[in-house]
Structures are given as structure tokens and as C-alpha cells.
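Here is a short report on one protein model.

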Amino acid sequence: MIRQTLRRSTLNTCRRRRQAPFRCSSDTTMTAPRKGDRVVVAMSGGVDSSVTARLLAEEDYNLSAVFMRNWDTRDEAGSDTGCEWEKDWEDVQLVCRQLGLPCEMIDLSREYWTRVFEPALRMWETGETPNPDVWCNREVKFGILMDRVVAAEGAKWLAMGHYAGIEWDHTLPTPRPKLVRAVDDKKDQTYYLSGVKESSLRKSLFPLQKLRKTEVRELAAKYKLPTAQRSESMGICFVGEKRRFEDFLAEYIPPKPGPIINLDTNKQVGTHPGLWRFTIGQHAKVPGMPERMFVAKKSVMDNEVFVVPGSSHPALMKTSFVVRDFRWIWEDAVPLAIDAHSSFRARVQFRHRMKDVPCTVQRNEDGDMRIDFDEPQYALAAGQVAALYDEAGCWCLGSGQISEGMRRNKLDNLLLNLSL
């Protein structure tokens, strides 16, 4: 069934005429809120979630707001006075007061620590490059928080200020939600939502899907929201914007020096303080080298970092990679072609703000996924999240973690071409 659905290009979803940001639906299958439904909007203190709340306030819902605190600075400094979360919570309350919405704060810092931060920390320590934001969405925002407000508190919908959308497939016996890209491709966040379960998407609302960031700013100014002029948050939530990422990790991971080796000459050219200080494709800043050196690979077993001269070195380009722990959003509707010799055609994104690229997907005997690019791609790092999309690049199908990147030899290229 999913193959038939995939053939119906979702390109129309991305290109269709833009509609009103959010409107109630009379659909009897509960694919949208109805009059009087209890809706909870998750607010962060930023302009996006503030406008989301304002748009929903125009509808005839039983609307309230929740602020999720997910990092306890007492774990670092012994005091949380003057922390960023306090300013965020203050702004949430100001907006809710203006809109006449009840709001509450839920402390999920312990759950965030155990389900997001600790697993990410273990990966950084072994030299991988995790994406905690993907896990936060899956495990905390659309996991624990969703369960708390929907299951425990009786709400029917949880609204978020993400730039993404839900399109319901009504061609199936029971309509199913498809996670689709936002109109604003520069702000699209489906990559970060690629690990969210279908059961959570069924109860999710994304009112900003049809809006561009500039329009959100304009609406915030029009409605005179207290957060209208607030700058955009760019850092990982537990690092913040005032600290260097590597300095933050140094507070949790002890130094483990090892050699930096020139991959071309196999000679040591420096010493590194720990594998977690580097990621693939990064400028290595090795003193005394005649040209800029870039990280090509890392050896966890030998605690070695291998570098190459120049950012266009062939060792930085990969033609395929293996993904572990892949999770399809529609878990019971895996494309049959991934187990066939012809493979499954899709598009893949393995970094935020990169353009998804065409690829073929095939499942290995051990259950891992092998993904072959049509064209070589730069700097794949173990631990990065790889999100798959349909061939139109609009419908997000799921994601997993990169375990290794590879370069095809001539025989691999021949076999791949024969299979297409």
C-alpha cells in the first residue's frame, strides 16, 4: 500500500496554493481539532510558539499553554538563578497573559538528562556526532510531554511552533498522518522531527506550516506580542548561546589525547585532546601545516584522528553509507523495494539545512540500511541522523543513525548501475 501511496507524488503538498495558517476541519475522522476540543500549545518563549498560540487563540478551542523546562543548570553551577529558562518562562507568561490563556510549567529536566543528554554524551565520548535535537523531539516533546498533556491531562491535541506539516492520507481505510515539509524551506524542521512516531503525529498540530519566518515576524508585530522582537535561538538547548560547544563538553568528558595523522602520508602531524573535539569535514587547525587540514576519519580503537589537505580531498567524499536503528514513521508499511534487488528510490538528508539528495535504499541482512547516493556527498559522520524522504523530497518517511560512510569502487559502481 505504501508503494502506491509513494507513487502519488507529494510534490503538490509542497507547491499547492498556500491556505490560511490554520482552520478547524469538520472531518469526522478526527484529523483536525473540532470546536471545543482541548488543545495545548507547547511554548518556548520564542516568537514562533508565541505566534502559534495567537493563531490557535482565534479558533473556538479549549486552549491552554505549557512550557517545558528540560535543562537543570543546578547540575552545573549549583544554582539556577538568572538562567535562560527563567527568561523563557517569563516571556511565555507574558504572551499567555495577553492572550488570556492559562499556562503551566512542566519540569522534564530529569527525563531529558536520561533520554537525551546521557546517550548523546556516550556517543560524543566515542567520537560519534549525535543530534540531540532529534532525540529531544522523539523522546521528550512528542514522547513524555505528549503523554503528559494528552493522556494524563485529557487534551486531544498538542500544538508546536515547528516549521513542518501534517498531511492526512485519506486513500487508506483509516487515514494516516504524513509528516511533510513546511512552505519555508529555509526553516523547515522535518529533519528534526524525523524520529517522531506516527501515534504522536496523529495528535500533533503545526500551525506554521504555510507561513514563512518573515510572515511570522510580521504577525508577531501586528498582534503586538511581547516576543515580537526576540532574537532567534540558535544553540543546542543545554549548551546555550554564550558558551563554546567543545568547552561545554569538556565539563563532562575527560581529556583523552591521541595522535593526529596525515591520511596521505600516514605520519603524525599533531596531537588531539579527544575524539569528541572533532567531527568529519571539520577544519582541524593543525599548526605548522602548509595548507588547511580537514578531518577525514576517526579511529575509536586507536584513538586517532586522520586529516587530509584541503576541503576537496577525495577522502572527504562518500558515495554510500550504512544506517543503523532506522525507524519508519509508518512502522507497519515498510516499502517492499528495500528488500528487492532493484532497491528503493528516495531522497536523503543527513544535516539540517542541507538540500536532500537522491539515493537508493536497500536493507541488509542484519536489518541495517544501505544508502547509495547518486552523486558523492561531503563529510558524513558516524552518529549523524539520516532522514529519508519520498522521491519528491516532501514526505518524511523516517530516520536512523549513520554508522559508517563508504566510497564505491569501480565494481560497486557497475553493480549499482545494473540494478537501476
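## A covered strand

Which residue stands opposite Leu 388 in β16? Val 348 does. The model is predicted: local features need pLDDT of at least 70, side-chain atom pairs count only at pLDDT 80 or more, and totals for chains, interfaces and linings use all residues. Residues are numbered from 1 along each chain as its sequence is written, and side-chain values use heavy atoms, with hydrogens and water left out.

Strands here are DSSP runs (E, at least two residues), numbered from the N terminus. Strand β13 (residues 344-349) pairs with β16 in the antiparallel sense, over three bridges. To pair, two strands need at least two DSSP bridges between them.

Strand β16 spans residues 385-389, and five of its five residues are buried. Buried means under 20% relative accessible area, with a 1.4 Å probe and protein chains only. One side of β16 carries Val 385, Ala 387 and Tyr 389. The other carries Ala 386 and Leu 388. Both faces are covered.

## An open sheet

Four strands form an open sheet with mixed pairing, in the order β9-β8-β11-β10. Its edge strands are β9 (267-272) and β10 (293-299), and each pairs on one side only.

β10 and strand β11 (residues 304-309) pair in the antiparallel sense over six bridges. There, Val 295 stands opposite Val 307 in β11.

## Cysteines

The structure holds zero disulfides. A disulfide is a pair of cysteine sulfur atoms within 2.5 Å. For Cys 96, the nearest cysteine sulfur is that of Cys 103, 4.1 Å away. Cys 96 is buried, at 1% relative accessible area. Cys 136 is buried too, at 4%.

How values were computed: Buried means under 20% relative accessible area, exposed over 50%, partly exposed in between (1.4 Å probe, protein chains only).
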